[in-house]
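Here are my notes for your first read of this structure. Please keep the sequence and the 3D view open as you go through the points.

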Amino acid sequence: MCLAAALVGVLVFLRKQSLLGESLSHASYPGVVVGVVVASPWITTKNEGLVIAVAVAAGAFVTAWIGLLVIELLQRKVGVRIDAALCFVLSAFFGIGLTIASHVQFTHTTLYLKMLPYLYGQPATMTDVHIVIYGILSLVILLMVILLHKELQAISFDRDFAASLGINVKTIDAVILFLVVLAVVVGIRSVGVVLMSAMLIAPAVAARQWTNNFTMLLIIAALIGLVSGFLGNYLSVEGNRYFSRGDAYWRFALPTGPMIVLVAGVMCILSLLLASERGLLWRKLRALRFRYRCICENILKTLWHFGSENEIALEVVAKYQDISSIYLKFILWRLSSHRWVNNTKPRYYCLTNDGRQWAAKIVRLHRLWELYLADYVGVGVERVHRNAEEMEHIISSEVEEQLTQLLHNPKQDPHDQPIPSKDFVI
Amino acid sequence: MAEEISALQVFQLTVNYDKTPVLWDITLEVPSGVLVGIIGPNGAGKTTFLKAALGLLQPLSGKMTFFGNPLSKVRQRVAYVPQRATVDWDFPITVKDLVLMGRYGRLGVLRWPRKADWAAAYHYLEMVGMAQYGHRQISQLSGGQQQRVFIARALMEEADLYFMDEPFAGIDVASEKTIVELLHRLKEQGKTVCTVHHDLNTVESYFDWVMVLNIRLVACGPVEEVFNATTLNAAYGKSYALFGEALQRSRRKMKGF
Amino acid sequence: MMMKTTLIAYSNPYLGKDFFQFFMQFFRRLWAIIMGNVSSGDLVSDEVQIFVLVGISISAAVVGTFLMLRHMTMLANALSHTILLGIVFVFVVGRSRGVFSQEEHQGFNIQALLAASLVMGVVTTFLTQLLTKTMRLQEDASIGIVFTTLFALGVIFVTVLTRSAHIGIEVVMGNVDALHVDDLRLVYIIAAINVVSFSLFFKEFKITTFDPGLAQVMGISVGFFNYLLMIQVSLTAIGAFRAVGVLMVLAFITGPVLIARLLTHSLRMLLVLSCVIGSVISVVGVALSRHLLSIHGISLSTAGLVVCLIVVSYVFTIVIAPRCGFLAAKVQESSNSHT
């Protein structure tokens, strides 16, 4: 169930319509109520489970679909904005459902009790019948996503291009909306009307942090959905056991629906923080690493400027770097352990051969860039140096090639300093 | 002894937008009493420059002064006309309501507009030729009418320095004429106006100063000196592409991407 | 066990009344209240319902107007859910079961509730903005994740702490029939706060909604008024959750404003009209509920009934008010551009 919801969730997320699920899941509630009531004459003790499950699914589908139509109608004909339409349909339909339910509470009390699980979901009381029905519906969703994979991918990333390929955008849109409604119907039994939308959003968001590839998005989201489902169930049962041990009066199960949502939410937040490419932690780490490299190269450059053969005192180097002395000593230590720099006497450093090569390369890039800025971009000569300070650290060899060609392999920079040639050797 | 204080002084302004650099190391000075046209190719950062100068965006670095002071000290001397598209024209207010908003900054919290403010609103509406539209809903205005009303609102602020973002985009000829005449009237009163402009053909006739932007400041000075083929080539030409690309890489590395 | 207030006066004058008799009785009682002959302790459940719902309508209408104009109603959806977490804290800290339980008539700590809603309002808004700006997540997904996770947390806490699985349901539905005078006080304090805030800061809210860029340049803090609005939304939701539940308060927030928007083009009228519409529908709803119970023996949730009436009124307005509504403006606009 969660798998199907996660798949559909990816589609909705890419269309920036994540809150549609929220609105439609609440809109399905009156359908649940009405469906059960309408089907009540057909219920016998033998087929009760089946009839109710079918009635609920059908009713939910109908009213969610009506809700969808109303949202569209409000936007197109009445000029209501999307957020207001979603919010109004959400609360209005839910209110209507509640009103009917409040009556049913007294007239068909047993039936009313059967409807309650749909508010927050109650996977624990799902029977085989439920599993079969929802399993089939989930399978339908899965199949449709697989079959229409190419079209969905095209439309999600560029609608106009997809249309130009001959894909019928309108039909696919309708199919996606159909799948959303179906996913909502499937999900409300496990997670409940109120929290359903979380299963559409959280796995998709989490998956997005790990990949840019459409297919991978679907797969990862599906996996996260599955894991949330299992873990949520497991935790609620375990928690239940834990509490009932300590408390003799504990008769209620930890609500599973919210548990599943919580797991999904936590996984989502972890993904946002830790994912390898886009995660916050990694971003910060990479920025720090880059800073470190910049400082290393700046130190080498400083040593170069004082004459590549000489030994330079620590204090002199420190004057040109804007970092704490501890950090400076640490970096110098690392540089010398990697043989870029020699620690000849205590507090005195000089470049090794390798160090000199690296420093020459940096200086070359810096001066090329200065020349470019002065001649082509029109920066005043006085300010060129400061502007070029960062550039040399990130110029790749392709850019260096381009620069050399553009500037016709120069020998001197704007300050009339010699530019080390590409194959600098002492 | 009257000291010539520049209306606007910008020092080493650098702005990032998401991960790409949009403005890099802009330093310039604009004297008071001139009409400045800000031009450059698409994506050059013209609107960003306006927003950064006015404190709507957080720049990476840079210092801006207005008449020698930071913006917070001279807010009442600076007026802003944003792009028309940034506003929801279905908002339930009338034209006069909109123009009156120009006084809100001056009024401060817990004070209500008085008769004098209403009179001023009508006065400025008349100046832009929209006096008879006072009671209309803003949703019923055409593009040119919307722009004129926006300008009337800015005039309400009775500032010394005006910033306008693409006021001539998508409006009818009559409105454009009205606005240009208004700009010249402002200049006669010694006011300074900085306008983001998109049409290179009209630069020389509308403005007496020009600021050419393309991520970097290409040039800033009187129209006769600055508005020529060399500068335009530098702004719109190809050798610039390398610069932008390198900047992008730099910013990405800084952010850890 | 202390019984602070009685829930139903020993003789409920509305019992057995039909629709029109209800109103006659109500106006008679209203007059008596104004004359000071009836004290707050003597109020009958129907009247408490009316007054509470009217109070909620007023708060929701004024808050809803600005929410709709800012296109931020889904954030209100989020806020109305996350206050559950705040309510849980009130329960835990204050040990006031009266917050949740409908059976015991213990009072609850009004200040604690107000404070809780304020905190949750700020926290939710802050987290949503954090996700949108720092984590670069699209806005609809940020809102969705923040509030569903927090709400799930709230439901779990509530179930564990109150040892009852029914609280979650009641939070969502409310229970109009079990209101008492403390609710009245809470609702009207909140309504007063809302009305005062919007009156004092009317022009600031207007300009930060319409043109935040210009407002910022003028020195008006857009962020401050954004948070203030969200806090007021949280307050409104917390005032309403006992009566109508967290979901249906959204119908009060959006419905009357949508109706009023079809009838007027003035911001001031929008505020006033949506308050009036919301209040009138509330009164009619209570009367109808009583009528159905007395005459037809059908008992329906009053809150749900009011929501149904809001829907009906909206459909009705869409149909009959084409002259004043959006359609009319568009028609006029297209005929203007032709001339």
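1. pLDDT is the predictor's confidence in each residue, on a scale from 0 to 100. This is a predicted model, where local features need pLDDT of at least 70, side-chain atom pairs count only at pLDDT 80 or more, and totals for chains, interfaces and linings use all residues. Residues are numbered from 1 along each chain as its sequence is written, while chains are lettered from A and ligands numbered from 1 in the order in which they are written. Chain C has a mean pLDDT of 79, with 78% of its residues at 70 or more. Helix α8 (residues 202-210) of chain C is highest at 92. Helix α13 (residues 326-338) of chain C is lowest, with a mean of 58. Helices (H or I, at least four residues) and strands (E, at least two) are DSSP runs, numbered from the N terminus.

2. A contact means C-beta atoms, placed from the backbone, within 7 Å. Residues 101-107 of chain C are also below 50. Where pLDDT is low, the predicted coordinates should not be read in detail.

3. **Whole model.** The scores are ipTM 0.84 and pTM 0.80.

4. **Chain C against chain A.** The contact takes 48 residues from chain C and 49 residues from chain A. On the chain C side, α5(C) gives the largest share, 13 residues. That side holds 31 nonpolar, 15 polar and 2 charged residues. Here Ala, Val, Leu, Ile, Met, Phe, Trp, Tyr, Cys and Pro count as nonpolar, Asp, Glu, Lys and Arg as charged, and the others, Gly among them, as polar.

5. **A helix pair.** How do helix α2 (residues 45-69) of chain C and helix α7 (residues 181-200) of chain C cross? Their axes come within 9 Å and cross at roughly 25°. Axes are lines fitted to C-alpha atoms, for helices over the stretch in contact, with angles from 0 to 180 degrees between N-to-C directions. That makes α2(C) roughly parallel to α7(C) (under 35 degrees). Among the residues that meet are F51(C) in α2(C) and L184(C) in α7(C).

6. **A sheet in chain B.** An open sheet of 6 strands runs β5-β6-β7-β3-β8-β9 in chain B, with mixed pairing. Strands pair if DSSP finds at least two bridges between them. β5 (78-81) and β9 (216-222) of chain B each have a single partner strand, so one side of each lacks a neighbour in the sheet. The antiparallel strands β8(B) and β9(B) are joined by 6 bridges. V212(B) has A219(B) as its bridge partner in β9(B).

Note on methods. Contact = placed C-beta atoms within 7 Å. Parallel < 35°, antiparallel > 145°, perpendicular 65-115°, else oblique.
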